[in-house]
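I opened the model today and kept short notes. They follow in the order in which I looked things up.

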Amino acid sequence: MSNIKAGDVGVVLERTLKKQDGTVWNISTATLKKLKVTKAGTTTTLDAEFSSDGSNGKIKYTTTALSFTAGHYQARFYVELGASVKIHSDPFHFHVDAIPS
């Protein structure tokens, strides 16, 4: 992924949630869909959504103008399928560049 610039709108961060055996989770019945992002030790939780209907395990977050400030981020998607199944994606990293003056 190319770097995001602070204030970018419409950049899609997307992952496919997979089980340990490599098969895809069907997350279509998820009761909670989030993206947890950490920058400099502070974690923020953002609302995520299915990329389609969730049956293919794909989940995404689409940036808004206020999503990220400049810096390096670690992120993980988090989904709950009812009270007993809680799924985290593998962590991934991305960088947000400052807007040039």
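**Entry 1: a serine in a loop.** I began with Ser89, which is found in the loop between strand S8 (85–88) and S9. Strands here are DSSP runs of E of at least two residues, numbered from the N terminus. Before going on, I noted that this is a predicted model, where local features need pLDDT of at least 70, side-chain atom pairs count only at pLDDT 80 or more, and totals for chains, interfaces and linings use all residues. Residues are numbered from 1 along each chain as its sequence is written, and side-chain values use heavy atoms, with hydrogens and water left out.

Is Ser89 buried or exposed? Ser89 counts as buried, because its relative accessibility is 5%. Buried means under 20% relative accessible area, exposed means over 50%, and partly exposed lies in between (1.4 Å probe, protein chains only).

**Entry 2: the core.** Phe77 came up again here. The largest nonpolar core has 23 residues, and Phe77 is listed with Ile27, Leu35, Val37, Phe68 and Phe94 as having the most contacts inside it. Such a core is a set of buried Ala, Val, Leu, Ile, Met, Phe, Trp, Tyr and Cys residues joined through side-chain atoms within 4.5 Å. Strand S3 (32–39), S6, strand S7 (71–81) and strand S9 (92–97) each give two or more residues to this core. S7 gives the most, with 5 residues.

Entry 3: Next I followed S3 onward. S3 and strand S4 (residues 42–47) run antiparallel and are joined by 6 bridges. Two strands pair if DSSP finds at least two bridges between them. Thr38 has Thr43 in S4 as its bridge partner. The hairpin has 2 residues between the strands. Ala40 is found in that loop. Ala40 is not a glycine, yet its phi is positive, at about 50 degrees. Ala40 counts as exposed because its relative accessibility is 78%.

**Entry 4: an open sheet.** Which order do the 3 strands of the open sheet take? The order is S2-S6-S5, with antiparallel pairing. Strand S2 (12–16) and strand S5 (49–50) are at the edges with a single partner strand each, so one side of each has no neighbour in the sheet. S5 pairs with strand S6 (residues 58–62) over 2 bridges. Phe50 stands opposite Ile59 in S6.

Notes. Helices (H or I, at least four residues) and strands (E, at least two) are DSSP runs, numbered from the N terminus.
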